[in-house]
Amino acid sequence: IVEPGGLSLDAAETLALRDYLNNGGFLLLDDFWGDAQWDNAEDVLREVLPGRRFVELPLTHPLYHCVFEIQAKGQIPNYRLGMQSEFDPEHRTWELPDATVVHHRAILDDHGRIMVAITYNSDVGDAWEYADDPQYDEKFAQTALRIATNYVVYSMTH
């Protein structure tokens with residue numbers, strides 16, 4: 001789900017997503033920034049999976065080691081900021097003032113498997129989309145493609 005900061009689900013959608021996740025499904029949320037957007041996405045997912053909470057994923061989690069060794073949760077800027085990063089004297093990679101710290105959070109099932117993964121205060125999807133654009137900073141594209149590969153392999157093997 002892209003930009004889940006504005007996410008809303010009706011009763012049927014909530015039930016369908018709950019069933020999907022409880023039957024082994026995997027969901028990734030990406031490209032939302034700041035406290036207000038987080039609060040909205042968290043509220044919606046609490047309705048989908050009552051009783052479960054997001055946890056911050058430690059870098060020791062298998063997600064970060066299943067294909068590529070990921071040593072840091074680097075912030076991935078949107079396309080516009082990714083193009084400007086080398087020209088921006090502050091090297092700003094965040095969209096909102098309260099979004100300077102990137103988080104990788106998850107909702108886990110009873111066995112510790114990720115059901116819902118999020119990249120919060122980051123825009124991994126833009127880096128996937130523009131990875132081959134010579135104007136987009138390659139360091140962001142490489143980081144995003146590595147985490148994407150790990151997400152896919154993790155979700156298919158755990």
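## Two residues in a predicted model

Leaving aside residues up to four places away in sequence, His104 touches Val55, Glu56, Leu57, Tyr64, Lys73, Ile118, Thr119 and Ile147. The structure is a predicted model. His104 lies in strand 3.

His104 counts as buried because its relative accessibility is 5%, and buried means under 20%.

Asp98 sits in the loop between helix 3 (79-84) and strand 3 (103-108). Asp98 counts as partly exposed because its relative accessible area is 37%, which falls between the limits of 20% for buried and 50% for exposed. Asp98 also belongs to a negative surface patch, together with Asp35, Asp39, Asp43 and Glu47.

The table sets out the two residues by accessibility.

| Residue | Relative accessibility | Class |
|---|---|---|
| His104 | 5% | buried |
| Asp98 | 37% | partly exposed |

The protein as a whole contains five helices and four strands. Along the sequence these elements follow the pattern α-β-α-β-α-β-β-α-α. The protein has 158 residues, and 46% of them count as buried. The accessible surface of the protein is about 8,200 Å², with 53% of it belonging to carbon and sulfur atoms.

Technical notes. Residues are numbered from 1 along each chain as its sequence is written. This is a predicted model: local features need pLDDT of at least 70, side-chain atom pairs count only at pLDDT 80 or more; totals for chains, interfaces and linings use all residues. Side-chain values use heavy atoms; hydrogens and water are left out. Patches are made of residues with over 30% relative accessible area and no salt bridge: like charges are joined within 9 Å, nonpolar side chains (Val, Leu, Ile, Met, Phe, Trp, Tyr) within 5 Å. Accessible areas come from the Shrake-Rupley method with a 1.4 Å probe; for residues, only the protein chains shown count as cover. A salt bridge is a side-chain nitrogen of Lys or Arg within 4 Å of a carboxyl oxygen of Asp or Glu. Lys and Arg count as positive and Asp and Glu as negative; His and the chain ends are not counted. The place of a charge is taken as NZ of Lys, CZ of Arg, CG of Asp or CD of Glu. Helices (H or I, at least four residues) and strands (E, at least two) are DSSP runs, numbered from the N terminus. Buried means under 20% relative accessible area, exposed over 50%, partly exposed in between (1.4 Å probe, protein chains only). Contact means heavy atoms within 4.5 Å.
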